[in-house]
Amino acid sequence: MNRREMLRVLPAAVPFFAAGTVNGRTRPHMPSSHSGRDPIAVQYIRRVLGMLRWIRETQSENLLEASYAAARTVKNGGTVWTNWDMGHNNSYDLFPERNGVPAYIIQGYDAERTKKGDLFMSSRAGGPETDVVKKDIFVIGCPCPWGGDARGQEFLREDVQKEKIRPYSKIWVETNITTHGAIMKLPGSPAPFGPTSGILGLVTFWMIQADTCRILARDGVSVKVSGDEPELSGETVPWIGLDEPVMDSYFDTVTRQIGMIEAELGDMERIARMAADAVLAGGKVYCYSRYRNSMAVEGHHRRGGLTLTRGVCVQDGKLTSMDGYVPFEGTSKDIVIMGVWEPDDEIDLASLDTFRNAGMKVASVGPMTRDIKVPAGRTVPKEADIHIGRMCDTYGFFAVPGFKRKISPTSGAVINQLWWATCMAIAEEIIRRTGNTPGVFLSGALEGGNEYNRYIMEKYHERGY
């Protein structure tokens with residue numbers, strides 16, 4: 001579609017986002033502007049914490065029942081399959097050898113391998129429903145923006161409205177997510193800013209796993225846990241008790257760490273200034289993670305995210321740009337924000353060297369420590385120009401008796417919130433310097449969403465943001 005065609009589409013598309021109706025219907029709730037003095041990043045974090053508290057106050061019984069169902073599945077020899085919403089991808093925090101992931105979790109859903117007695121944690125339909133019914137698979141469901149179970153589903157494209165997992169779910173975890181998926185109003189942007197499906201999914205997922213593992217251990221069942229954490233042993237390990245739920249302890253810890261993000265606002269604003277320098281000088285802002293489905297995809301064409309961020313990951317051993325999946329080539333005009341789940345990961349350090357050799361500025365997001373200790377030798381946080389993420393650790397949070405490594409890490413959730421808070425600081429810095437609002441993607445699942453996104457992508461190519 002060329003610019004002239006886009007401009008013909010835009011008058012039909014924008015009123016839905018900027019006004020109150022589409023095809024005569026009232027649109028789903030849109031966040032109102034905030035007139036307070038707090039930066040948008042701070043407002044966003046506080047609103048996310050409020051959404052998480054609502055989930056704990058209203059959904060704890062369902063979350064705990066989900067843990068018992070998963071534990072029964074494992075004890076009976078079944079498999080726990082998962083397509084739980086973790087942001088722009090359902091495997092954001094479940095990549096190979098992720099510290100703290102119990103081995104009973106299998107990412108995805110394979111109809112060739114599923115069997116009666118398995119369990120499926122899912123946020124979205126669109127494929128396995130026939131198999132689920134045929135084999136009587138136990139389904140734990142929750143809504144996601146790209147599906148007909150979310151609030152405002154009537155404004156989705158007709159084909160997406162039909163994708164519902166709730167009718168097949170035996171346990172339902174409500175999160176109040178809308179089909180927009182984002183909650184903040186950026187001045188001048190018709191599209192809402194700041195996705196929330198990732199953080200809501202990450203916290204609920206790990207709460208469920210925390211008590212699943214506790215129940216298994218209580219009943220004498222141990223499972224392997226992935227990662228490179230040294231095996232736990234001895235009386236000095238803070239083993240959890242097995243007779244009381246522990247998901248509230250996980251919730252309290254992860255929300256406390258998210259609340260501490262405000263203390264790093266100064267460093268986020270420094271990153272924002274570096275990013276604005278890059279953009280206004282003709283450079284780019286890259287979002288890196290070793291695995292594509294982690295922070296790289298979270299920062300690439302994400303509903304509620306900025307058009308100006310671009311994903312970079314490692315594929316087939318090579319640093320790869322997600323724009324066309326071609327070999328990455330950075331310049332001295334560019335900045336990269338590296339999401340690191342381990343401070344001294346060798347692949348991340350090799351990527352850092354590539355960025356440095358190109359003359360790029362480097363910021364990093366994620367844990368600085370392993371078991372609360374900074375590793376000796378090289379680490380990405382030590383060598384980055386700016387690092388944020390001092391409140392979380394590489395390993396899991398709970399030491400479960402009989403399990404050789406801790407489970408339920410908090411770092412993935414914290415990295416998610418650090419990233420989005422930083423994006424908001426970048427947006428405000430660009431508005432402050434230019435008076436213009438950077439582009440924000442709308443969900444392509446909404447009526448007119450793809451047309452709007454094509455328009456703002458043209459704006460991005462014209463001005464760099």
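Among contacts in the protein (heavy atoms within 4.5 Å) between residues at least 6 apart in sequence, 74% join residues at least 24 apart. The model is predicted: local features need pLDDT of at least 70 and side-chain atom pairs count only at pLDDT 80 or more, while totals for chains, interfaces and linings use all residues. Residues are numbered from 1 along each chain as its sequence is written, and side-chain values use heavy atoms, with hydrogens and water left out.

The protein has 12 helices and 16 strands, taken as DSSP runs numbered from the N terminus (helices H or I, at least four residues; strands E, at least two). Its radius of gyration is 22 Å, close to the 23 Å of the globule rule for 465 residues, and the protein is therefore as compact as a globular protein of that length. The radius is taken over C-alpha atoms, and the rule is 2.2 Å times the number of residues to the power 0.38. Along the principal axes, the C-alpha trace spans about 65 × 55 × 45 Å.

Of the 465 residues, 59% count as buried; buried means under 20% relative accessible area, exposed over 50%, and partly exposed in between (1.4 Å probe, protein chains only).

A pair of aromatic rings is described by the distance of the centres and the angle of the planes. The whole structure holds 11 aromatic pairs, where rings of Phe, Tyr and Trp (its six-membered ring) pair if their centres lie within 6.5 Å; planes under 30 degrees apart count as stacked, over 60 as edge-to-face and the rest as tilted. The ring centres of F205 and W206 are 5.0 Å apart with planes at 85°, so this pair is edge-to-face. Both F205 and W206 are buried. F397 and F398 also form an edge-to-face pair, at 4.8 Å centre to centre and 70° between the planes. F397 is partly exposed because its relative accessibility is 32%, whereas F398, at 4%, counts as buried. One aromatic cluster consists of Y92, F95, Y291 and W341.

E229 lies in the loop between α5 (197–218) and α6 (247–259). With a relative accessibility of 4%, E229 counts as buried. Leaving aside residues up to four places away in sequence, E229 touches N99, Y395, R405 and K406. The C-alpha atoms of E229 and K404 are separated by 8.8 Å, although the two residues are 175 apart along the chain.
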